[in-house]
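Trainee: Could we go through this one together? I'd like to know where the labels come from.
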Amino acid sequence: MLMLVLWKEDYYLPLSFMFIGLAMLPFYVRLESKKMRAEEILLIAMLGAIAAISRIPFAPLPSVQPTSFVIMMSALVFGPEVGFLVGSIAAIVSNLFLGQGPWTPWQMFCWGMIGFTAGMLRNTFIMKRLWGKNVFGFIWGFVFGWIMNLWFLLGFYEDLSWPLFVSAYAASFYFDLAHAVSNVVFITFFSAIWLKILGRIKMKYGLLK
């Protein structure tokens with residue numbers, strides 16, 4: 001009931017931040033409670049840094065970046081928890097260079113969920129096929145943008161309406177498509193070598209089994 005009252009009082013943005021924070025909290029609590037080797041923590045940090053840094057050279061090309069691809073590959077090899085952590089780390093680290101703001105927690109959640117869902121599906125028939133990975137990456141290119149549109153609408157508009165939602169999502173179509181297509185391109189040309197390298201690291205050093 002309290003949530004409903006606050007929502008009606010136009011506290012959309014603070015409530016959205018609270019929900020995003022609560023959604024991410026279990027992953028960090030589990031990380032704190034889980035016994036991990038120093039090498040495993042270092043690997044997660046390294047993958048997060050690679051995902052973050054890979055975004056910066058592509059900054060002049062809106063929505064075109066290999067960050068989502070790196071997060072996906074990490075999750076497919078090391079699992080959903082690692083995927084989520086790499087995704088959320090990538091968002092906050094890359095924004096140290098590209099600009100922090102109220103959008104950062106939303107990006108942490110979106111990229112984290114790309115990693116989490118990829119990790120959850122990693123042993124399925126679909127994700128073991130190139131076309132399946134491409135479909136996954138293409139869909140998430142749009143879902144990422146759709147979720148980010150919510151923060152934009154909640155942060156900049158007081159009177160929300162269906163026409164406003166439709167116009168915002170229509171305006172973002174090009175950027176969502178660019179993200180989706182770039183995911184497909186990176187997956188098609190680089191997924192095999194990335195999975196091979198990360199798989200060898202996992203096997204050789206026995207990390208994050």
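Trainee: What makes α4 and α5 roughly antiparallel to each other?

Mentor: In this predicted model, helix α4 (residues 67–78) and helix α5 (residues 80–98) pack at an angle of about 155°. Angles run from 0 to 180 degrees between N-to-C directions, with axes as lines fitted to C-alpha atoms, for helices over the stretch in contact. Under 35 degrees counts as roughly parallel, over 145 as roughly antiparallel, 65 to 115 as roughly perpendicular, and the rest as oblique. So α4 and α5 are roughly antiparallel. Their axes are 8 Å apart.

Trainee: Which residues make the contact?

Mentor: From α4 you have T67, I71, S74, A75 and F78, and from α5 there are V82, G83, V86, G87 and A90. Contact here means heavy atoms within 4.5 Å. By class, that gives six nonpolar, four polar and no charged residues. Ala, Val, Leu, Ile, Met, Phe, Trp, Tyr, Cys and Pro count as nonpolar, Asp, Glu, Lys and Arg as charged, and the others, Gly among them, as polar.

Trainee: What about α3 and α4, how do they sit relative to each other?

Mentor: They pack at about 155°, with their axes 8 Å apart, and are therefore roughly antiparallel. L43, L47, I50 and A51 of α3 meet T67, V70, I71, S74 and F78 of α4. The tally is seven nonpolar, two polar and no charged.

Trainee: How many helices and strands does the protein chain have?

Mentor: Nine helices and zero strands. Helices (H or I, at least four residues) and strands (E, at least two) are DSSP runs, numbered from the N terminus.

Trainee: What share of the protein chain is buried?

Mentor: Of the 209 residues, 43% are buried. Buried means under 20% relative accessible area, exposed over 50%, partly exposed in between (1.4 Å probe, protein chains only).

Terms used: Residues are numbered from 1 along each chain as its sequence is written. This is a predicted model: local features need pLDDT of at least 70, side-chain atom pairs count only at pLDDT 80 or more; totals for chains, interfaces and linings use all residues. Side-chain values use heavy atoms; hydrogens and water are left out.
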